[in-house]
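Hi there,

Here is the model I promised to pass on. Please have a look at it first, and my notes follow below.

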Amino acid sequence: MVNADVHNISRPSVSKTTSDVTSCLKRVCRNYIKMPTDQAGLHNIMRGFYEKTNFPNVVGAIDGTHIRIKFPAEDEHLYVNRKNYLSINVQAVCDSSMKFLNIVAKYPGATHDSFILTNSNIYELFDSREIGIGWLLGDSGYPLRPWLMTPMLNASTEAEERYKTGHMRARCVVERSFGLLKSRFRCIDNSAGTLLYGATKSCDITVGVAVLHNMCINHGIPLPPDENHCDRGHIARQQYVGHLNDGATVRRRLINGRFSQ
């Protein structure tokens with residue numbers, strides 16, 4: 001609302017314009033945020049990750065971030081995250097250029113990341129093998145699946161250490177993506193306080209600025225001056241201990257085949 005005061009525009013006018021622009025961006029979201037399922041598109045993403053991080057067959061890095069919101073109209077307890085503030089929990093997948101390929105912005109802050117994953121369309125794309133090549137990289141809060149590689153927390157060999165280091169280098173691009181998003185659009189960054197809207201509007205705004213973020217990358221808009229692009233909404237999660245950990249064989253094959261030399 002600072003712009004409303006500076007430019008002598010009424011706050012209701014700014015609010016209506018924000019709603020109109022957000023609705024427009026949400027309608028075109030699929031034109032700008034899209035996970036390819038064709039071989040050519042997936043191989044292009046793999047090439048980008050390999051050239052920048054030397055980690056093979058990566059078709060995306062996945063993570064979550066929290067966007068601080070004002071008190072919701074109801075079910076406030078569902079929005080209190082592990083850091084004890086009100087938020088929405090946003091999941092995203094990005095490529096090596098920090099462009100978002102998929103975003104889920106609809107869950108309260110108390111929702112577990114693994115729940116968001118298993119109820120997302122990105123999960124269905126991989127689990128049904130519609131995307132049948134490559135893998136995502138996620139942190140230890142996610143299950144280890146044949147298509148989702150997680151870190152080797154207790155590396156005991158040189159090959160496992162190399163895998164752990166390579167995984168971290170490739171996966172952290174998604175944290176930088178969130179940091180860059182919030183550097184460009186301070187309204188969703190914790191440093192700017194709280195997004196002064198309810199949960200539904202906050203989710204829509206998050207999708208809207210993600211669309212604008214991808215537009216900026218597509219058109220080569222210069223990065224904000226903060227080189228670190230730290231994600232202040234990242235909350236470290238506990239290691240996943242559920243029943244979906246069926247990717248150990250694939251990870252072991254990857255370590256032995258690509259990181260043992």
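In which loop does G193 lie? G193 sits in the loop between α8 and α9, where helices (H or I, at least four residues) and strands (E, at least two) are DSSP runs numbered from the N terminus. With a relative accessible area of 30%, G193 is partly exposed; buried means under 20% relative accessible area, exposed over 50%, and partly exposed in between (1.4 Å probe, protein chains only). From C-alpha to C-alpha, G193 and E51 are 38 Å apart in space and 142 residues apart in sequence.

Before going further, a word on the basis: this is a predicted model, in which local features need pLDDT of at least 70, side-chain atom pairs count only at pLDDT 80 or more, and totals for chains, interfaces and linings use all residues. Residues are numbered from 1 along each chain as its sequence is written, and side-chain values use heavy atoms, with hydrogens and water left out.

Now to the helix pairs. The axes of α8 (residues 173-184) and α9 come within 10 Å and cross at roughly 100°; axes are lines fitted to C-alpha atoms, for helices over the stretch in contact, and angles run from 0 to 180 degrees between N-to-C directions. The two helices are therefore roughly perpendicular to each other (under 35 degrees counts as roughly parallel, over 145 as roughly antiparallel, 65 to 115 as roughly perpendicular and the rest as oblique). S177, L180, L181 and R184 of α8 make the contact with V209, A210, H213 and C216 of α9, contact meaning heavy atoms within 4.5 Å. By class, this contact has 5 nonpolar, 2 polar and 1 charged residues; Ala, Val, Leu, Ile, Met, Phe, Trp, Tyr, Cys and Pro count as nonpolar, Asp, Glu, Lys and Arg as charged, and the others, Gly among them, as polar.

The other pair is α7 (residues 158-171) and α10 (residues 248-258), whose axes come within 9 Å and cross at roughly 105°. That makes α7 roughly perpendicular to α10. Here A159, E160 and Y163 of α7 meet R251, R252, L254 and I255 of α10, giving 4 nonpolar, no polar and 3 charged residues. R171 also lies in α7 and counts as buried at 10% relative accessibility. Beyond its neighbours within four places in sequence, R171 is in contact with A61, D63, L137, G138 and D139.

A pocket is, on a 1 Å grid over the protein atoms alone, an open set of points where a 1.4 Å probe fits, with protein on both sides within 12 Å along at least five of seven lines; lining residues have an atom within 4 Å of a point. This one is lined by 19 residues, of which C29, R30, N102, I103 and N121 lie nearest its centre. β3 gives the most to the lining, with 6 residues. By class, the lining divides into 10 nonpolar, 4 polar and 5 charged residues. I103 lies in strand β3 and is buried, at 14% relative accessibility. Not counting residues up to four places away in sequence, I103 touches I33, V90, Q91, A92, T206 and A210.

Finally, two backbone details. N54, in the loop between α4 (39-53) and β1 (58-68), has a positive phi of about 65° although it is not a glycine. R129 has a positive phi of about 70° and is not a glycine either.

Best wishes
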